[in-house]
Amino acid sequence: MINSSPMDNALTKQNIIKKASSDLGNLIVLSGPSGVGKGTVIRKLLTLLPKVIRSTSVTTRPIREGEVEDIDYFYKTKAEFEALIEANAFLEWAQYADNYYGTLKDFVWEKQQLGLDVILEIEVQGAKQVKEIKNDIILIFISPPDFPTLESRLRSRATDSPSSIESRLKTARIELASRLMFDYEVINEDLDEATQDLLHIVKAQRLKIIKG
Ligand code: 5GP
């Protein structure tokens, strides 16, 4: 019979801890100003990396051309959204450019339990709320290379009204000032490079040994 050494015991214990933690998918918050390309980077990541999904949020803003209901968002009326707030259904929610946006607790938890890493593509107020209630999350901020690039991307997108674009640009300045509360910053100058940066962060988190 082979006696196990203290080292073996330690390794076994470590493996158990690691196994238990890796059964549950990670929660990743991806924030950054509107127009910075969060959605595009995430869509690209999903084609490259298995076992990761983007959370579908609830919003009161109208559906945009090209968006798919229940995939891009769950589209609700203001009254329906407020009923969900009352029912404590949200992990976080915020008002942004005159509309409500929120992440459903159940949606995220169900996916994490399936072992999937869940990415929340949300604005900064929501990221702050998640940071306050969960300490085992990764906070990633996507920045534009510079403000004029962000402005021209937002204006050329042509999916929002002129007043919504102005409101988004005003909020973008405030959001850019909050980047220091995040764990990582990815600069979206080149889509492939930004996607690779995000991929490495998500993969590194999967390899992390969670203690205690
Ligand atoms: P858009 O109208 O361009 O789809 O989204 C406007 C902003 O709301 C974006 O910064 C987007 O990331 C953010 N957003 C989308 N879903 C949520 C959510 O569930 N919670 C919060 N706090 N922000 C969200």
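## Overall make-up

Helices (H or I, at least four residues) and strands (E, at least two) are DSSP runs here, numbered from the N terminus. By that count, the protein chain has 8 helices and 9 strands. This is a predicted model, in which local features need pLDDT of at least 70 and side-chain atom pairs count only at pLDDT 80 or more, while totals for chains, interfaces and linings use all residues. Residues are numbered from 1 along each chain as its sequence is written, and side-chain values use heavy atoms, leaving out hydrogens and water.

Of the 212 residues in the protein chain, 44% are buried; buried means under 20% relative accessible area, exposed over 50%, and partly exposed in between (1.4 Å probe, protein chains only). The accessible surface of the chain comes to about 12,100 Å², and carbon and sulfur atoms hold 54% of that. These areas come from the Shrake-Rupley method with a 1.4 Å probe, and for residues only the protein chains shown count as cover. A contact means heavy atoms within 4.5 Å. Among contacts in the protein chain with a separation of 6 or more, 69% join residues 24 or more positions apart.

## A buried glutamate without a partner

Let's go to helix α7 (residues 162-176), where E175 sits. E175 is buried but has no salt bridge, and K38, the nearest side chain of opposite charge, is 5.8 Å away. A salt bridge here is a side-chain nitrogen of Lys or Arg within 4 Å of a carboxyl oxygen of Asp or Glu. Lys and Arg count as positive and Asp and Glu as negative, with His and the chain ends not counted.

Setting aside residues up to four places away in sequence, E175 touches G32, P33, S34, Y96, E123, V124 and F141.

## Two buried loop residues

N26 belongs to the loop between α1 (6-22) and β1 (27-31). Its relative accessibility is 14%, so N26 counts as buried. Beyond its neighbours within four places in sequence, N26 is in contact with Q112, L116, D117, V118, Q205 and R206.

M181 is in the loop between α7 and β9, and it counts as buried because its relative accessibility is 17%. Not counting residues up to four places away in sequence, M181 touches A127, K128, K131 and L139. M181 and K131 are 50 residues apart in sequence, with 9.2 Å between their C-alpha atoms.

D146, E189, D190, E193 and D197 form a negative surface patch. Patches are made of residues with over 30% relative accessible area and no salt bridge, joining like charges within 9 Å and nonpolar side chains (Val, Leu, Ile, Met, Phe, Trp, Tyr) within 5 Å. The place of a charge is taken as NZ of Lys, CZ of Arg, CG of Asp or CD of Glu. Within the loop between β9 (184-187) and α8 (191-207) you will find D190, which is partly exposed at a relative accessible area of 38%.

E151 is partly exposed, with a relative accessible area of 26%. Its C-alpha atom is 9.5 Å from that of E166, 15 residues apart along the chain.

## Positive phi in two loops

K51, in the loop between α2 (38-48) and β2 (52-54), has a positive phi near 60° although it is a residue other than glycine. D70, also not a glycine, has a positive phi of about 75°. D70 lies in the loop between β3 (57-59) and β4 (73-75) and counts as partly exposed, at 46% relative accessibility.
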